[in-house]
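Hi everyone, thanks for coming. Let me put the structure up, and then I'll walk you through a few parts of it.

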Amino acid sequence: MSSSAPASARASVVASRDHLGGPLAAETCLKIYDLMLRARVLEERLITMYKMGDGYFWIGGPGEEAFNVPLGLLANKGQGLDHDFLHLHYRSSGTLLAMGADPVDSIRQMKNVASDPYSKGRNFAGHFSVRKWNVVPVSSPIEVQYSIAIGTARAQRAAKGISIVQGGDAGTAEGDFATALVWSSRKGQELPLLMIVTNNRFGISTPFAGQHGYDQIAERGKAFGMPTAIVDGNDPEASYAAIQKAMDYVRTERKPYLLEAMVSRLRGHSSASGANVAKDEIDCLDRFERTLEDRQVLTRAQMEERRATYTQELLDASKRVRTEEPPSPDSIWDFVFADKNYVAGES
Ligand SMILES: Cc1ncc(C[n+]2csc(CCOP(=O)(O)OP(=O)(O)O)c2C)c(N)n1
């Protein structure tokens, strides 16, 4: 904190504008910033692991933290229909960390060791799966989550939880997205489904304009009678307010809502395109750091100290994980088929 004014005074000034979707309380900003930083440092560690041969493939969320962290903080976390179901994508590390995930578990998945809780060492980086928090397995085939989410949203019609589904812009050209629009909005049978598109304006190397005949994906929701919104996903405070508004609607009305967040892709598509720094994209972390510095919530030195600490922690963790065991060959068929209806509570 800067010494120019007491932290408590600054916090109350910004807190008073909370309801307008303006600046959040300094305490909330600090929490969001810390998680954004942890998520960024984690992705940087995963990329380094890939580049030094400690993993086969990297894909992740540098550039989506300002949107994904608030999403994780606002989700009603837990197991069963009265909590939110999350159908996420492979750029959702910020959401998972905000929900309380241990970043070391992502390192375990990158290294494909059996202690990886998401896939027991058998899936790509960023492929989360946490039954106790209703985080359904992230799918490598893109967009299928929009069809799957209809199932949990249908099961939640008379429950307290909602279903949240998120994917990229290019994937919305696939049928699953249209399926979710149709099935969530049937009159009298609407579903409590929050549809989120994180639009980074690219599908691998296909630019947005080469794929879509409209300017914003959110426009498609209007034809299905659902409320829509577009938010600057590089602004964590605007994202927080937009997600809260959308969630309030879906929770109360038990009807769908389409939210489009404009985000960045800071390391390109994945390791397949090199995972190098994209210099012409807005960096939400960099931008938020400057905001917090201007508001005297944190000094540059404090931010640098945090970054150095988290970087060292994950470097140490990656060395430890290197000594952990890979999955045994005889476990190849474990967890590939569910013979119980876990969504309905069978155990
Ligand atoms: C069904 C399917 N088709 C194609 C692919 C190959 N693929 C992987 S990521 C990707 C681009 C996805 O772009 P977008 O939906 O905008 O999400 P982003 O990765 O940009 O966040 C494609 C085409 C796939 N994984 N699954």
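**A helix pair, a sheet and a ligand**

Let's start with helix 5 (residues 103-111) and helix 11 (residues 300-321), which pack at an angle of about 45° with their axes 10 Å apart. That angle makes helix 5 oblique to helix 11, since under 35 degrees counts as roughly parallel, over 145 as roughly antiparallel, 65 to 115 as roughly perpendicular and the rest as oblique. Axes here are lines fitted to C-alpha atoms, for helices over the stretch in contact, and angles run from 0 to 180 degrees between N-to-C directions. Helices (H or I, at least four residues) and strands (E, at least two) are DSSP runs, numbered from the N terminus.

Please keep in mind that this is a predicted model: local features need pLDDT of at least 70, side-chain atom pairs count only at pLDDT 80 or more, and totals for chains, interfaces and linings use all residues. Residues are numbered from 1 along each chain as its sequence is written.

Five strands form an open sheet in the order 1-2-3-7-6, with parallel pairing; a pair needs at least two DSSP bridges. Strand 1 (85-87) and strand 6 (228-232) are at the edges with a single partner strand each, so one side of each has no neighbour in the sheet. Strand 2 and strand 3 (residues 193-199) pair in the parallel sense over six bridges.

Finally, what surrounds the ligand? There are 14 residues, the closest being P141, G168, A170, G171 and G203, where near means a C-beta atom, placed from the backbone, within 6 Å. Strand 2 (163-168) and strand 4 (202-203) each supply at least two residues of that shell.
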